[in-house]
Amino acid sequence: MTDTSRSGCPINLSLEVLGDKWSLLIIRDMMFGNRRHFRELLTKSEEGISSNILADRLKTLLDEKIITREDDPTHKQKGIYSLTEQGIELLPVLAQMAAWGYKYLPVSEELGIRARLLSEGGAKMWAEFMDELRESHLGVKRRRRTGPSVGERLQAAYEKVVMKRVQP
């Protein structure tokens, strides 16, 4: 426990790191939207985070070792953000929050489809998705499975709902 912590309670300490909505939404966008650059995180989220808040939360997530930042080899002034193992292991937390929100709150169909599928898929699906995140964010090779990945299945379900809403 640090001198600035309110207590040594694990829930309190977790909330001190992740307790504002922006941090969890940034992690969500990195996990489910594969947004890895500052500009993507700034402009491709429906919630509309401001650039100064995004910069501050990214710094906090970096300081807490939930994400890392490396120079983008394709552009000298860009950085690529990646989830660390700590960040990847937040997937079950986000999946449970999403399942609760899907069950009790008026979520939109297109934004709720991933929550429903992750809830139905449970821990086995979460573990598979975390392995996919380890590969894309940490470079850890995983055994190839046949068929689409969890990320691909979630994206396809989202796109199907979006297309259904667009077509009369």
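Modeller: Buried means under 20% relative accessible area, exposed means over 50%, and partly exposed is in between. The model is predicted.

Colleague: Why is R35 called buried?

Modeller: R35 has a relative accessibility of 18%. The cut-off is under 20%, so R35 counts as buried.

Colleague: What makes the contact of R35 and D29 a salt bridge?

Modeller: A side-chain nitrogen of Lys or Arg has to be within 4 Å of a carboxyl oxygen of Asp or Glu. For R35 and D29 the N to O value is 3.1 Å, so the pair is a salt bridge. D29 is buried too, with a relative accessible area of 5%.

Colleague: Why is the contact of R134 and E85 called a salt bridge, and what does the pair tie together?

Modeller: The N to O value is 2.7 Å, and the limit is within 4 Å, so the contact qualifies. R134 lies in helix α7 (residues 109-138) and E85 in helix α5 (residues 85-88), so the pair ties together parts that are 49 residues apart in sequence. R134 is buried at 17%, whereas E85 is partly exposed at 28%.

Colleague: Which residues do salt bridges with shared partners join into one network?

Modeller: R28, D29, R35 and E47. The search of the whole structure finds 12 salt bridges.

How values were computed:
Residues are numbered from 1 along each chain as its sequence is written. This is a predicted model: local features need pLDDT of at least 70, side-chain atom pairs count only at pLDDT 80 or more; totals for chains, interfaces and linings use all residues. Side-chain values use heavy atoms; hydrogens and water are left out. Buried means under 20% relative accessible area, exposed over 50%, partly exposed in between (1.4 Å probe, protein chains only). Helices (H or I, at least four residues) and strands (E, at least two) are DSSP runs, numbered from the N terminus.
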